[in-house]
Amino acid sequence: MRKLSRYKLLYFAVLPLAFIAVGTLGSQVRGRIDLTTGQLYTISPPARERLLDLDEPVSISYFLSPRLESYSAEPERIREYLEEFAATSPLVELRVLDASEPEHRDTALELGLQPQQLTDNDSESQSLISVFSGVVVQAADESRRVLPFVLDSEEFEYELISSWDEMVAERTPEIVVMSGNDELELRSAYQNALLRLSERFTVRLLEQGDELPLTADMLFLFGNKDLRTVTVLQIEDFLAAGGGVMLSVEGVHVQLDDELSARELNRSDLDLLLERYGVRVSRELVVDRYHMLVPLAGAGGNPESFVSYPHWIELLSRNAAPGHALTEAVTGLDLFWPSRIEPVGDAPSELNLTQLYTTSYEGRVMDSPFATNPALGDDIYDRVWREGGDRIGVVMTLSGRFPPAPGATAELTTERGRLLLVGGGYTFSDFLELGEDPMRNLRFLTAAGHWLASEEDLLALLGRSSRDLRLTGIASSNVRAAVVNLAQWVNIVAIPVAVLLFGAVRIIRRRRFKGVDAASL
């Protein structure tokens, strides 16, 4: 018994001393360990490269309302990142300014920072207060870039470095946007997409037939139902000259009427051009057993129920080409009424084709007559599900030297262009706001712009914050059901039994120890 007491005395004496020693050492040694996926709170190599290239001073001002820090931990994380960012280069000066002070508040408003409204829970009247969390980056030549309001530490480095590049280059890549569907006007049907693109790029809207500006870096074309020959020729010349083009294409068009009637599109000049590149857009609709739910309207227009809709496909990381810069930067993509995009014939030798996304291994194709109305029930898909499933390509990239138009000068082939083909004419329209993550397609659109502009380093930064952490990695319904059953069995049976066994073993050991202790006395 004396021996046991001696050990206890030593234990209780050493333990506090150990805590004191660790605390003292921790107060003297500054630093932290970043255990997040993608090292979100550590200066990335692209950011360090920009800091090492600095030859003139740069000032960073972070206007922060102290009241905001009591509501969220994000401002503290952003401040810690900025402190580490500034410590990397002696040419970077960081100022953290209290935006609640009238002088700093007025300066923030003059610089274009945008305060946000926050409910003041401390007051009895539940009043609204304005809070700031904005960043201003200013170079020695007085040029500046403003982040009006930041409260997402995971995307902050991407936003900061994007603005940094704009300030240094004094221009942003320019995107020309057109609609290839006369029924969808850009400003009304693609409002969210245009707003998202304008955050990182210079966006110019053109009608088909308008001349492409010489300053354009990329061409985004939404839909191809009413694509004209002059636009196809512009696409051909633009790619041959080394430009970047994104096309959301369809082989079957679904009319947005009460019946959702669908029809095959006639072969067009775009089909001929794509086949020259070794790609074909099929006249079939792609469906997948791993799909989304759509609301069915009830009385008064309110959703009555949600039904499965195999035409609405959710593409996740498991559907993506591994290692591709674009797929590594996003969590996935939602497609509505997609068509198959597949290689055909022999592609030009200087073009690289990559099947960027496919369906799950339970994908199918539906040919005419097309069943697209969810109100008709699941029986309309019986003829499709009877066929064997397979991974079906719905997104493809092409990169390299695109062949010029017949009769064009050979000098055009010296440039390397990029082409992104996305199945589904409605993919980036506001029509897809009903998904589980409405921002997923918009993030993909931003990443597509960076990839087409060959900005791989910004893609890498975007990918650090675009991690799909949802437990949706099992596409097979049978396997998913088995995993759910296993998880229930582990939680309901295995873990409680293990706890009971552990307790029983502890009780038995204690009784034995007390018996030995009593015998020694």
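1. Leu 260 is buried, since its relative accessible area is 15% and buried means under 20%. In this predicted model, Leu 260 sits in the loop between β11 (252-254) and β12 (262-264). Its backbone deserves attention: phi is positive, at about 50°, although Leu 260 is not a glycine.

2. A second residue may be read alongside it. Ser 454, which is not a glycine either, has a positive phi near 60°. Ser 454 belongs to the loop between α13 and α14 (456-465). With a relative accessible area of 45%, Ser 454 is partly exposed. These values are worth noting because most residues other than glycine have a negative phi.

3. One peptide bond also calls for comment. The bond from Ser 368 to Pro 369 is cis, and its omega is near 5°. Pro 369 lies in the loop between β20 (363-366) and α12 (382-385). As a general rule, most peptide bonds are trans.

4. The protein as a whole may be described next. It has 521 residues, of which 45% are buried. Its secondary structure consists of 15 helices and 22 strands. Of the contacts between residues at least 6 apart in sequence, 74% join residues at least 24 apart.

5. Leaving aside residues up to four places away in sequence, Val 395 touches Leu 315, Leu 333, Leu 335, Thr 354, Gln 355, Leu 356, Tyr 357, Leu 420, Leu 421 and Val 422.

6. How do helices α2 and α6 pack, and at what angle? Helix α2 (residues 45-52) meets helix α6 (residues 153-169) at about 35°, and their axes are 11 Å apart. Their crossing is left-handed. Ala 47, Arg 50 and Leu 51 of α2 make the contact with Glu 157, Ile 161, Trp 164 and Asp 165 of α6.

7. Helix α6 also holds Ser 163. This serine counts as buried, because its relative accessibility is 6%. Not counting residues up to four places away in sequence, Ser 163 touches Arg 145 and Leu 147.

Definitions and conventions. Residues numbered from 1 in each chain as written. Predicted model: local features only at pLDDT ≥ 70, side-chain atom pairs only at ≥ 80, totals over all residues. Heavy atoms only, no water. Contact = heavy atoms within 4.5 Å. Helix = DSSP H or I, 4+ residues; strand = E, 2+ residues; numbered from the N terminus. Buried < 20%, exposed > 50% of the residue type's maximum accessible area, 1.4 Å probe, protein only. Axes fitted to C-alpha atoms, helices over the stretch in contact; angles between N-to-C directions. Left-handed = near helix turned anticlockwise from the far one by under 90°.
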